[in-house]
Amino acid sequence: MRWYILHALLHKEFQRHLANRGGIALGLLLVAAAVLLAVFAPEEAAAGTGMVGGVHYCYVEFDRVTPLISHLQENTPKELAGQIRFRPLATADDINELVSYPTGTGAIRIRQVNKPGERPVVQVSVWHPDGDPAALAPYEQWFWRESRRAFAEQSRKEMPGTDLPPDPAFDPENRWLVMEAHRRFQDQVEAARKVGPGNPPVVPDLDIDRKGLGGRILDFRAAIATGMVVFALYFSCVYLLPTLNCEERERGVLLAQALSPASPIEILAAKFLFYPTLGMGLAAILAGIYKPAVLGSLFFWLSLAAVGGGFLGIGMTVATLAKTQRAAFLGAMCYLLSVSMLLLICSTNGIPFVPYLALEYHGPRILHAALAGDVAPKHWQHLIGALGLATAWLTAAGWLFRRRGWQ
Amino acid sequence: MIRLSGLRVLYGSFAAVDGLDLDIRGGELFGLLGPNGAGKSTTIRVLIGQRRPTAGTVTVAGHDVVREWASIKPLFGYVPDRENHFEEFTGRRNLEFFGQLYGVPKRRARDVLKMVELDEAADLPVRGYSLGMRKKLLLARALLHEPRVLYLDEPTANLDIHSAEVVHRILRERVKLGATIILTTHDMDEVEKICDRVGIVCRGKLVALDSPLTLKQAHTERKVDVIRTDGERLVVDMDTGPGRRQLADLVVAGRVASLRTREFDFHATFLKLTGQAFE
């Protein structure tokens, strides 16, 4: 490796970017966005909701199978069929007796208490994502409507010919309204029965409890900063590297360099040095503007290296496979779309393990943890995963380059 | 200086070069001619290390192009048929970049720009250059490190007469300084004018190899076009006894109004040797 050749190649890359001002403009826009994020951000606005709003699916958990549970299972609406998951409470994942819910989920937990001589009680706990109490609205709407129908059916069975009132309209998010509507219904049923002192009541009491799922709230500003940092790395390594490399190949200047005393290893080394440095430099500037303290964090730099290295491997793979600049651009875009779709499908359908194979699953998590200053042991596991995937991508890129080269 | 021994290059089952033997001496300007698909470009591709020979050996200054490629790289300069510059850089910056790779001082870029008469346009971006200027910049790049060997693929295509003359002058000067040059061209006048020797390849094989003058002598038709005083035209073959006698009789009888010997026709010779239309 000769320094004067490496220096010439690096200087050439730098000057090419200086001559193509689009990349500089984009970098400046990102820096401006980071400055705005850092300056116009009151501390109290830091808390936010999940990165993706709403819930992807809702657990309906029950302590035992009763006619109410059977009715709910039989009357799941088509539009929510894929999103409602029934499970006995005994099978729920718990840690220290606390049920753990994945991100983007909620739960309606039903416990049914029968004490001799007393009216039965249905305890309903609605567990919504923190900071977003309306996220479970479609599920609650369904649950209250069907539970009401279940109680009505039960009453009709016990009192054939009873004329029960129509379903009242109520706001499922308003606990008081739900309780009031239920009490009125209980009264109407009791009146219909002409209840005697010794008869057991038919419609159970409701005990409603609404809570946030707890856990840590996603820092929305940190999420935006994470997005910018990831974008800077992606733009430099997966977009700029393959497209400019393929442009050189198409124009024949890559051949001209290959015929000069510069060896293929030196040409490759210059690309390997320039683009990750550019991406990581821009990413560090953005992160530093957002939160200067993060630049002193080892976890942040390791995360940056893991994600930058992985993106470099992906970029080199695209650069080796694509023959033209257009193919490189399309390759980078197709990769991004494919991985996004994969992660979305896995997330919405609860498919386990597959997302672990995507660098884009671990990368934003570790960078967000570093930027939010909230590094937990699980983030170190994600970092190890990201480093492993980066190594795999770089190995694959190196293997492909040796087999196919750039000519 | 450059030796090709039994060079054979296959693309699948098609032999682009089929047992080519060539020995190009140091300080020689060698013209490589041939119709489309004759194997000229493949031969050049082997010489610049972009294609491995299927069989045979190729050496440049005693170094094998496959095994000792790293030793050969600094020895040669290459002018491709398709220009390949960094469009966003100026002509000077393009040369300075390649000069850095060759480890030559910056002033060398200025010198070669002047040599190819691009010094006035040196600080303009290449995207604004004409085809001819781009071609001259390619030659300037190839000359940066004063290579001992030059490969040129149609170096004067798209050049005006003056620029072509400049290129010819530069090439002759390089040859005087001891450089070895191989050029492919379609310009027959150029071959006659500047090449020391010419190799004509067809279907991957060498069909003729000699100096333009020897080829001229070997292939000039020794025929005379005669117009008699009565207006009749005839062609007299000087290679036969009856032909020579017929011409002598006509001259002695004073019956010749006009008489013209035939000139050497490189195109006709080329067609005769290759049996194909010229590209």
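Mentor: Two strands pair if DSSP finds at least two bridges between them. Helices (H or I, at least four residues) and strands (E, at least two) are DSSP runs, numbered from the N terminus. The model is predicted: local features need pLDDT of at least 70 and side-chain atom pairs pLDDT 80 or more, while totals for chains, interfaces and linings use all residues. Residues are numbered from 1 along each chain as written, with chains lettered from A and ligands numbered from 1 in written order.

Trainee: Which strand of chain B pairs with strand 11 of chain B over 5 bridges and spans residues 256–261?

Mentor: The pairing is antiparallel. Within it, Val226(B) stands opposite Leu259(B). The partner is strand 13 of chain B.

Trainee: Strand 11 of chain B also forms a hairpin with strand 12 of chain B; which residue in the turn has a positive phi?

Mentor: Strand 11 (residues 223–228) and strand 12 (residues 233–237) of chain B run antiparallel, joined by 5 bridges. Asp225(B) has Val235(B) as its bridge partner. Between the two strands lie 4 residues. The one with phi of about 95° is Gly231(B).

Trainee: In what order do the 4 strands of the open sheet in chain B run?

Mentor: The pairing in this sheet is antiparallel. Strand 2 (14–24) and strand 5 (63–64) of chain B each have a single partner strand, so one side of each lacks a neighbour in the sheet.

Trainee: Which residue stands opposite Val60(B)?

Mentor: Look at strand 4 (residues 55–60) and strand 5 of chain B, an antiparallel pair with 2 bridges. Val60(B) faces a residue of strand 5 of chain B. That residue is His63(B).

Trainee: Where is the kink in helix 6 of chain A?

Mentor: Helix 6 (residues 220–251) of chain A has 32 residues and reaches 44 Å from first C-alpha to last. That is close to the expected 46 Å, taken as 1.5 Å times one less than the number of residues. The bend (the angle between axes fitted to the seven residues ending at a residue and the seven starting there) is about 35°, shortly before Pro242(A). The kink lies at Leu240(A).

Trainee: How many residues of helix 6 of chain A are buried?

Mentor: Buried needs 20 or more other C-beta atoms, placed from the backbone, within 10 Å of a residue's own; 12 or fewer is exposed, and in between is partly exposed. Across chain A, 34% of the 407 residues are buried. Helix 6 of chain A is largely enclosed by the rest of the structure, because its buried residues number 24 of the 32.

Trainee: Which residue just after helix 6 of chain A takes a positive phi?

Mentor: The value is about 95°. The residue is Gly252(A).

Trainee: Which loop of chain B holds Glu117(B)?

Mentor: Phi of Glu117(B) is near 60°, positive in a residue other than glycine. Glu117(B) is partly exposed, with 14 other C-beta atoms within 10 Å. Its loop is the one between helix 4 (106–115) and helix 5 (131–143) of chain B.

Trainee: Is Arg203(B) buried or partly exposed?

Mentor: Arg203(B) lies in the loop between strand 9 (197–202) and strand 10 (205–210) of chain B. With 17 C-beta neighbours inside 10 Å, Arg203(B) is partly exposed.

Trainee: Which element gives the most to the side of chain B that touches chain A?

Mentor: Contact means C-beta atoms, placed from the backbone, within 7 Å. By that rule, 18 residues of chain B are in contact with 18 residues of chain A. With 5 residues, the top contributor on the chain B side is helix 3 (residues 91–102) of chain B.

Terms used: Contact = placed C-beta atoms within 7 Å.
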